[in-house]
Amino acid sequence: MAEKFNKDMTIGEVIRMDPNMINVLMASGMHCIGCPSSQGETLEEAALVHGIEPELLLARMNAFASEMEKQNK
């Protein structure tokens, strides 16, 4: 299965695609999701600003999305 999210997507794109990702992002240490400037940051930029390994964040996000898809089938 292809990954749903990638490092070049903005926080705004991610939230529009799947509002459930707010919980994943916040649990990963990104507590400024509602900040207007964060909406234009890429996942990679936001992760690095918050001291989070971008690949680890993406792995968590894509695993969560995959699990949600399985549950909704």
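A residue is called buried when its relative accessible area is under 20%. The legends below apply this cut-off to a predicted model.

**Figure 1. Ala 65, a buried residue of helix α4.** Ala 65 is found in helix α4. With a relative accessibility of 3%, Ala 65 falls under the 20% limit and therefore counts as buried. Apart from residues up to four places away in sequence, Ala 65 touches Lys 4, Phe 5 and Met 21. The view also takes in Glu 3, which is 62 residues from Ala 65 along the chain.

**Figure 2. Helix α4 and its buried face.** Helix α4 covers residues 54-71, 18 residues in total. From its first C-alpha to its last, the helix reaches 26 Å, close to the 26 Å expected at 1.5 Å a residue. Its buried residues are Pro 54, Leu 57, Leu 58, Met 61, Asn 62, Ala 65 and Ser 66. Seen down the axis of α4, these buried residues fall within an arc of 160°, so they line one face of the helix. An α-helix has 3.6 residues a turn, so residues three or four places apart point the same way. Lys 70 and Gln 71, on the other side of α4, are exposed. The cover over the buried residues of α4 includes α1 (11-17), α2 (21-27) and α3 (43-49).

**Figure 3. The largest nonpolar core.** This core has 18 residues. Those with the most contacts inside the core are Phe 5, Ile 11, Leu 25, Met 30, Leu 43 and Met 61. At least two core residues come from each of α1, α2, α3 and α4. Helix α4 gives the most, with 4 residues. In soluble globular proteins, nonpolar side chains tend to be buried together.

Figure 4. Not counting residues up to four places away in sequence, Ile 11 touches Leu 25, Met 30, Ile 33, Ser 38, Gln 39, Glu 41, Leu 43 and Ala 46. Thr 10 is placed in the segment before α1. Thr 10 has a relative accessibility of 18% and so counts as buried. With residues up to four places away again set aside, Thr 10 touches Gln 39, Gly 40, Glu 41 and Thr 42.

**Figure 5. Ile 15 in helix α1.** Ile 15 lies in helix α1. Its relative accessible area is 16%, and Ile 15 is buried. Beyond its neighbours within four places in sequence, Ile 15 is in contact with Ile 22, Ile 33 and Gln 39. Leu 57, a buried residue of α4, is 42 residues from Ile 15 along the chain. The C-alpha atoms of Leu 57 and Ile 15 are separated by 15 Å.

**Figure 6. The whole protein, as context for the close-up views.** The protein has 4 helices and 0 strands, and from the N terminus on its elements run α-α-α-α. Its radius of gyration is 11 Å, close to the 11 Å that the globule rule gives for 73 residues, so the protein is as compact as a globular protein of that length. The C-alpha trace spans about 35 × 20 × 20 Å along its principal axes. Of the 73 residues, 37% are buried. Among contacts with a separation of 6 or more, 58% are between residues 24 or more positions apart. The accessible surface comes to about 4,400 Å², of which 55% belongs to carbon and sulfur atoms.

Definitions and conventions
Residues numbered from 1 in each chain as written. Predicted model: local features only at pLDDT ≥ 70, side-chain atom pairs only at ≥ 80, totals over all residues. Heavy atoms only, no water. Expected span 1.5 Å × (residues − 1). Buried < 20%, exposed > 50% of the residue type's maximum accessible area, 1.4 Å probe, protein only. Arc of directions from axis to C-beta. Contact = heavy atoms within 4.5 Å. Rg over C-alpha atoms; globule rule 2.2 N^0.38 Å. Areas by Shrake-Rupley, 256 points an atom, 1.4 Å probe, with all protein chains shown as cover. Core = buried A, V, L, I, M, F, W, Y, C linked by side-chain atoms within 4.5 Å.
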